[in-house]
Structure formats: C-alpha cells, structure tokens
Amino acid sequence: MGTRTPPIRISPSLLSADFARLGEDVRRAEDAGCDWLHVDVMDGHFVPNLTIGAPVVAALKRVARVPLDVHVMISEPVRYAPDFQRAGAHVLTFHYEVTGPEHTAAAIARLKELGIPKVGIAINPDAPVEPLEPFLADLDLVLVMSVFAGFGGQKFLPDVLEKVRWLRRTGFDRDVQMDGGINRETLPLCVEAGANVLVSGSALFGAPELAAEIRHYRELAQMAGGNIRS
Ligand code: DX5
Ligand code: ZN
C-alpha cells in the first residue's frame, strides 16, 4: 500500500467519551495525539438511537484543534447538512442506505456546494460496495462500517474487509475509513486491507492510557504497511 494510500489518521469516537465532560475529553484525545475527532450523530430514525446534533458539533468546534469528522446516521442528511457545515464539520459522512442510487449524486453535489471540505459516504456491513462505483470520483472518503451503525462497543465484522480491498483495487486513492470494533487486534487487519482512517471508541476511551494507546495504534498501523508520514 505505502505511498499511494493517504496518511494514517486515528479518529477517536466521542460516542465513548464522557458526555458531561466533552470538552475535557476532546483536549485529552488531542493531547494524546489523535488526528481527527469522530462525532456520531444519530436521529433515532435511521438508527434506533439518539445522540447529538449540530449545536453540540458547534460547541465542540469551539474547543477542538483537530478536524471534526462528523458521521451522520440520519434519514435526512441533505436537509441538515447546512447546520453541520455552519457548525464546522471538516468531514461530513452520510449513509448510502439513505440516498440510494437515485439521490446520491445530488447529495454529494449539495454538500460540496455548501463548502464542506470532505464529503464521505458510509455503508453498513450488509451493503455491497460495488454500487458506489459511479460516485467514487466525487467522494473524498468512503466509510466501510465494521459494525452496524447505531451503537458503540460492538464486535468487529471481518467480512467487510473485502470491501476495503475492492475500493483500493478499483484505484480509489482517497480516504478509506473503518468504524466499529476497532482495537489492537482488528486495527492491523483494517490497515492491511487498505484503510487509512481508523475510528475507535470504546477501545480507546476504555484504555488505561489514551496517549499510549494511540501511539500503539500508530505503531501497529505502520507495521501493517500504513503510511504514517505525509
Ligand atoms: C457506531 C458508531 C461508531 C462507534 C464506534 O454506530 O458509528 O463510531 O462509536 O465505537 P466502537 O469503537 O466502540 O465500536
Ligand atoms: Zn461513527
């Protein structure tokens, strides 16, 4: 993989942070050396869980020094995209299950028109990756979910790794993100397959020492052939 794959980025999922001390956990994750901060937005409709919305993203943006990587698990991503753009999302990733073959191109175009720096699309573990092919040229990031969207702390589903390999085989050279069940054991598999943005919630925030854990993730990523330089 090496030089053609974009740099490794560790994106701790704030879903596993202490919601009563979000600002402190942001600082803790940044001091520990994270690259991005992953923010999980859930609407209780597309997924059976409710988390946070754009006002919390805006509040995080006021304290964060690293880019906010916003993953929206919501039924109407285009409707709420202006709110997330204003809130300061650097990455905005919505689910292909919501927009389908008919509405995906328009959704990507709208998000770009809003000026969102990176537009991403996510697919759940039971969704094939091939239908994304017509959109790849316009996407900055593809998120291959390694658990079903909705909750932190689920077990990694290794079958999805083939989708990451497929993306790299087809020549997709932008960010490939994986999210769900990523820990010391599963992270090397993700990087070997070609993923470069690694989201991790419960394993990172549950570690005895966040900085040591992120350092360890980076070493594992490097050993697995990830690009940790540029
Ligand atoms: C799940 C979320 C994930 C979640 C990952 O719907 O998209 O970002 O926080 O958490 P862990 O790392 O605990 O599986
Ligand atoms: Zn997520």
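**The ligand and its shell**

Mentor: Helices (H or I, at least four residues) and strands (E, at least two) are DSSP runs, numbered from the N terminus. This is a predicted model, where local features need pLDDT of at least 70, side-chain atom pairs count only at pLDDT 80 or more, and totals for chains, interfaces and linings use all residues. Residues are numbered from 1 along each chain as its sequence is written, chains are lettered from A and ligands numbered from 1 in the order in which they are written, and side-chain values use heavy atoms, with hydrogens and water left out.

Trainee: Which element gives the most to the shell around ligand 1?
Mentor: Being near here takes a heavy atom of the residue within 4 Å of the molecule. By that test 20 residues surround ligand 1, with Asp40, Gly150, Asp179, Gly201 and Ser202 the closest. With 3 residues, the top contributor is β2.

Trainee: How many residues of that shell around ligand 1 are charged?
Mentor: In this scheme Ala, Val, Leu, Ile, Met, Phe, Trp, Tyr, Cys and Pro count as nonpolar, Asp, Glu, Lys and Arg as charged, and the others, Gly among them, as polar. The shell has 7 nonpolar and 11 polar residues, and the charged ones number 2.

Trainee: How many Å separate an oxygen atom of ligand 1 from a polar backbone atom of Gly150?
Mentor: A polar contact is a pair of N or O atoms within 3.5 Å. A polar side-chain atom of His38 lies 3.4 Å from an oxygen atom of ligand 1, and a polar backbone atom of Gly181 is 2.8 Å from a ligand oxygen. For the backbone of Gly150, the distance is 2.7 Å.

Trainee: What share of the area that ligand 1 exposes alone does the protein bury?
Mentor: Accessible areas come from the Shrake-Rupley method with a 1.4 Å probe. Taken alone, ligand 1 exposes 380 Å², and the share buried by the protein is 100%.

**Elsewhere on the chain**

Trainee: Is Ala203 buried, partly exposed or exposed?
Mentor: Ala203 sits in helix α7 (residues 202-205). Buried means under 20% relative accessible area, exposed over 50%, and partly exposed in between (1.4 Å probe, protein chains only). Ala203 has a relative accessible area of 26%, so it is partly exposed.

Trainee: How far is Glu209 from Ala32, C-alpha to C-alpha?
Mentor: Glu209 is in the loop between α7 and α8 (210-223), and at 47% relative accessibility Glu209 is partly exposed. Glu209 and Ala32 are 177 residues apart along the chain, and their C-alpha atoms are separated by 8.7 Å.

Trainee: What is the relative accessibility of Arg165?
Mentor: Arg165 lies in helix α5 (residues 161-169). Its C-alpha is 9.5 Å from that of Cys190, 25 residues away in sequence. Arg165 counts as partly exposed because its relative accessibility is 36%.

Conventions:
A polar contact is a pair of N or O atoms within 3.5 Å; within protein, one must be able to donate a hydrogen and the other to accept it, and residues adjacent in sequence count only if both atoms are side-chain atoms.
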